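Below are some comments on the model, arranged as numbered points. Please read them with the coordinates open.

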Amino acid sequence: MFKVIAVDSNQVKLEFASKDGENFTFETYEEAESFMQEVKAKDTLPERYRVLIKKID
């Protein structure tokens, strides 16, 4: 399982969640990477954030 997070220079982490508060998780790295590209394309996060894929158990 994977999730996409955003991290700023102060190590503040943002997790992406649906409107009902459920965190987005992905079965494959490719699904997470696709979501990450969508987030980057929307260009809604401040530049100080890096968007990363994190493996979860």
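1. Glutamine 11 sits in the loop that connects β1 and β2 (13-15), where helices (H or I, at least four residues) and strands (E, at least two) are DSSP runs numbered from the N terminus. Although glutamine 11 is not a glycine, its phi is positive, at about 65°. Most residues other than glycine have a negative phi.

2. The model is a predicted one, in which local features need pLDDT of at least 70 and side-chain atom pairs count only at pLDDT 80 or more, while totals for chains, interfaces and linings use all residues. Residues are numbered from 1 along each chain as its sequence is written, and side-chain values use heavy atoms, with hydrogens and water left out.

3. Aspartate 43, in the loop between α1 and β3, also has a positive phi, of about 55°, although it is not a glycine. Aspartate 43 counts as exposed at 64% relative accessibility; buried means under 20% relative accessible area, exposed over 50%, and partly exposed in between (1.4 Å probe, protein chains only).

4. Which residues make up the largest nonpolar core? The core has 12 residues in all, namely Phe2, Val4, Ala6, Phe16, Phe26, Ala32, Phe35, Met36, Val39, Tyr49, Val51 and Ile53, a nonpolar core being a set of buried Ala, Val, Leu, Ile, Met, Phe, Trp, Tyr and Cys residues joined through side-chain atoms within 4.5 Å. Two or more residues of this core are given by each of β1 (2-7), α1 and β3 (50-55), and the largest share, 4 residues, comes from α1. In soluble globular proteins, nonpolar side chains tend to be buried together.

5. Glu27, Glu30, Glu31 and Glu33 form a negative surface patch. Patches are made of residues with over 30% relative accessible area and no salt bridge, with like charges joined within 9 Å and nonpolar side chains (Val, Leu, Ile, Met, Phe, Trp, Tyr) within 5 Å; a salt bridge is a side-chain nitrogen of Lys or Arg within 4 Å of a carboxyl oxygen of Asp or Glu.

6. Glutamate 33 and glutamate 47 are 14 residues apart in sequence and, C-alpha to C-alpha, 19 Å apart in space.

How values were computed
Accessible areas come from the Shrake-Rupley method with a 1.4 Å probe; for residues, only the protein chains shown count as cover. Lys and Arg count as positive and Asp and Glu as negative; His and the chain ends are not counted. The place of a charge is taken as NZ of Lys, CZ of Arg, CG of Asp or CD of Glu.
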